[in-house]
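Please look through the sequence and the fold below before reading on. The paragraphs that follow lead from a pair of strands to the chain as a whole.

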Amino acid sequence: MSEVKHAPVWQSGRLMAGMCTLVAVMLSLNAQASTLGAINHTHWAINRFSVDGRSGIDIIGPYQGGGGGCCYVAPERWIPGMTVRVDWETGAGSSGGFPGFADRDKYYAWLDNIDAQKRQHTQVVPVPDYTGQKVCGLTVHFLPCDEVQVTTSCYAYGSPEYPIKTPLHLPEPQSCPK
């Protein structure tokens with residue numbers, strides 16, 4: 001009969017101490033993790049987006065909300081000058097003109113036209129002061145002229161308490177400031 005060997009007591013104690021240290025560090029950070037959401041105020045589709053490298057998951061159609069990626073981790077305390085980097089891709093907001101698959105040449109020409117409309121964007125945006133407020137993830141607002149705003153608000157978009165009052169359907173300007 002073979003003998004079962006157990007780790008020496010001092011090794012299991014080291015493991016327990018290491019785990020306790022890890023838990024203590026995580027608790028001391030007191031960060032709040034929640035989802036990434038978005039509201040699209042433009043006629044373009046948001047094909048993909050991320051905040052500080054974390055994916056927002058969903059494709060968001062024109063004048064819609066979406067997202068649901070995990071996770072935006074907000075520090076317990078807001079820090080003056082705090083920013084996030086938002087990366088996103090815009091593209092055609094509809095599949096209008098889809099010729100079907102029967103005529104491959106027409107299909108590939110249509111697909112090339114859709115792909116030609118895709119644009120990559122990056123913007124570093126300030127995170128508004130959330131001192132004294134509960135943080136419920138991060139919601140990114142995509143605005144015309146490739147502008148972006150963010151909020152950590154727990155209120156739903158459109159509610160009186162929601163901090164961003166921008167209407168969902170914004171008219172597209174004739175030209176954008178450079």
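**A walk through the model**

Strand E7 (residues 138-143) and strand E8 (residues 147-151) run antiparallel and are joined by five bridges, where helices (H or I, at least four residues) and strands (E, at least two) are DSSP runs numbered from the N terminus, and two strands pair if DSSP finds at least two bridges between them. This is a predicted model, in which local features need pLDDT of at least 70 and side-chain atom pairs count only at pLDDT 80 or more, while totals for chains, interfaces and linings use all residues. Residues are numbered from 1 along each chain as its sequence is written, and side-chain values use heavy atoms, with hydrogens and water left out.

Within the pairing of these two strands, histidine 141 has glutamine 149 in E8 as its bridge partner. The hairpin of E7 and E8 has three residues between the strands, and there cysteine 145 takes a positive phi near 65 degrees. Strand E7 is mostly covered, since six of its six residues are buried, a word that stands for under 20% relative accessible area, with exposed meaning over 50% and partly exposed in between (1.4 Å probe, protein chains only). Leu138, Val140 and Phe142 point one way from E7, Thr139, His141 and Leu143 point the other way, and all are buried.

Elsewhere, four strands form an open sheet with antiparallel pairing, in the order E3-E2-E5-E6. Its edge strands, each of which pairs on one side only, are strand E3 (54-55) and strand E6 (119-126). Two bridges join strand E2 (residues 45-51) to E3, and these strands run antiparallel; serine 50 has serine 55 in E3 as its bridge partner.

Rings of Phe, Tyr and Trp (its six-membered ring) pair if their centres lie within 6.5 Å, and planes under 30 degrees apart count as stacked, over 60 as edge-to-face and the rest as tilted. By this rule there are nine aromatic pairs. One of them joins phenylalanine 98 and phenylalanine 101 edge-to-face, at 5.2 Å centre to centre and with 75 degrees between the planes. Ring pairs link Phe98, Phe101, Tyr107, Tyr108 and Trp110 into a cluster, and phenylalanine 98 is partly exposed, with a relative accessible area of 39%.

Finally, the whole chain can be considered. It holds two helices and eight strands, which run α-β-β-β-β-β-α-β-β-β from the N terminus on. Of its 178 residues, 33% count as buried.
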